[in-house]
Amino acid sequence: VLYVSILIEYFHKRIAQKKSAGQIILFEEPEAHLHPQLQQTLFSAMKALPFQTLFSTHSTHITADADLESYVVLTQTGSPAIASSVPAEDSDLEDGEILDLERYLDATRSNLLYARKVILVEGPAELFLIPAIVKQVTGIDLEREGISVVPIYGVHFDVYAKLFSDGALPKKCAIIADGDLAPSDAHPDQEGEDDLPPPPNLADLQNDFVKVFACKTTFERAITSAGTLQMFAKAAEDIGAPKVAANLRQAASEVQRDDIEDIELAQILKDARKKVLNTAKRFGKARFAQIASRHVEHATTIPKYLGDAVRWLVEP
């Protein structure tokens with residue numbers, strides 16, 4: 001930082017003395033030498049300078065502070081040449097959508113710029129549980145595959161989907177969504193009128209790089225099956241819901257009976273899904289999912305739509 005300060009002062013003097021037609025500072029990987037707060041401080045300071053600055057970086061802290069219009073993204077596509085793009089110009093984004101993305105691409109979500117492939121999900125519950133349960137059941141380590149799970153904290157997938165195309169970010173993006181497409185923290189107003197904007201038509205978002213995988217219900221219900229009841233029983237016990245834990249253990253035992261009828265099995269799972277969802281809502285979906293992820297060794301199945309998404313991402 002001291003060296004950069006001296007260099008900036010030198011550039012200012014050159015401008016004052018009118019000895020230069022133009023000046024450019026090039027920074028290579030500032031995150032290699034600066035902790036996150038200083039990265040952001042440096043970047044903010046450089047934005048305010050009267051000369052051009054170019055950063056080459058893998059820092060999500062810097063991309064979180066940068067304007068989308070300043071991004072030049074280089075993507076390794078497997079061919080000899082590296083694809084380059086300016087997403088703000090090459091993805092057909094409208095002005096309002098660019099502003100939305102600049103607000104949403106924080107240090108967590110801008111990770112999608114660096115990932116080889118991306119899974120977009122609604123919230124933190126999926127972020128905590130999907131990588132853990134996928135690795136346990138399928139043996140696929142999403143991190144080793146270069147697949148980032150990115151929560152958008154909402155259902156506005158349409159804005160993000162525009163980033164993934166041959167001209168912008170040429171990488172696979174799987175959208176994993178609930179069937180209702182209703183934000184978990186959205187409620188009708190007091191008069192009972194729902195003023196929420198209509199959810200995006202997920203089918204319209206698909207292209208060669210974007211594919212949608214949706215369940216028919218909520219994530220918590222969809223992931224509750226005979227193969228995950230023990231996992232959720234452990235989570236309920238840890239979070240302080242012993243009655244729910246006992247009920248789920250009983251359900252796990254009953255679904256293993258050889259003489260169980262399909263109707264009885266369906267009713268047991270229906271009741272279990274309700275208990276899991278209510279417990280998640282009571283203690284917080286993110287917290288419950290995080291605790292459940294500690295017990296994925298008890299999970300033996302994942303929903304088909306989730307397995308389909310992972311298989312599509314890892315295929316050549």
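1. Let's begin with the parts list. The protein chain has 13 helices and 8 strands. Keep in mind as you look around that this is a predicted model, so treat each number below as a computed one.

2. Next, the overall dimensions. Along its principal axes, the box filled by the C-alpha atoms of the protein chain comes to roughly 90 × 55 × 40 Å. The chain runs to 316 residues, and 45% of them are buried.

3. How much of the contact in the protein chain joins residues 24 or more positions apart? Take the contacts with a separation of 6 or more: 75% of them are between residues 24 or more positions apart.

4. Now have a look at the largest pocket, which has a volume of about 1100 Å³. Its lining consists of 35 residues. If you want to find the centre of the largest pocket, click on Thr57, Val72, Val73, Leu74 and Tyr114, as these lie nearest to it.

5. Which elements give two or more residues to the lining of the largest pocket? They are helix H2 (36-47), strand E2 (52-56), helix H3 (60-65) and strand E3 (73-75). E2 provides the largest share of the lining, with 5 residues. Sorted by class, the lining of the largest pocket has 18 nonpolar, 10 polar and 7 charged residues.

6. While you're at E2, stop at threonine 53, which is found in that strand. Is threonine 53 buried or exposed? Its relative accessible area is 18%, and the cut-off for buried is under 20%, so threonine 53 counts as buried. Leaving aside residues up to four places away in sequence, threonine 53 touches Ile25, Phe27 and Met46.

7. Glutamate 29 deserves a quick check of its backbone. This residue is not a glycine, yet its phi is positive, at about 50 degrees. You'll find glutamate 29 in the loop between strand E1 (24-28) and H2. With a relative accessible area of 23%, glutamate 29 is partly exposed.

8. Tyrosine 153 is another one to check. It also has a positive phi, about 55 degrees, although it is not a glycine. Where does tyrosine 153 lie? Look in the loop between strand E6 (147-151) and helix H7 (157-161). Tyrosine 153 has a relative accessible area of 45%, so it is classed as partly exposed.

9. Glycine 154 has its place in the loop between E6 and H7 too. This residue is buried, with a relative accessible area of 10%. For a sense of distance, pick serine 225, which is 71 residues from glycine 154 along the chain. The C-alpha atoms of glycine 154 and serine 225 are separated by 25 Å.

10. Finally, a pair of helices. The axes of helix H11 (residues 262-283) and helix H12 (residues 285-293) come within 6 Å and cross at roughly 115 degrees. On the H11 side, Val276, Leu277, Thr279, Ala280, Lys281 and Phe283 make the contact, and they meet Lys285, Arg287 and Phe288 in H12. What classes of residue are in this contact of H11 with H12? There are 5 nonpolar, 1 polar and 3 charged residues.

Terms used
Residues numbered from 1 in each chain as written. Predicted model: local features only at pLDDT ≥ 70, side-chain atom pairs only at ≥ 80, totals over all residues. Heavy atoms only, no water. 1 Å grid on protein atoms, 1.4 Å probe; cavity = no way out; pocket = protein on both sides within 12 Å on 5 of 7 lines; lining within 4 Å. Points joined across faces, edges and corners; volume = space filled by probe spheres on them. Helix = DSSP H or I, 4+ residues; strand = E, 2+ residues; numbered from the N terminus. Nonpolar A, V, L, I, M, F, W, Y, C, P; charged D, E, K, R; others polar. Buried < 20%, exposed > 50% of the residue type's maximum accessible area, 1.4 Å probe, protein only. Contact = heavy atoms within 4.5 Å. Axes fitted to C-alpha atoms, helices over the stretch in contact; angles between N-to-C directions.
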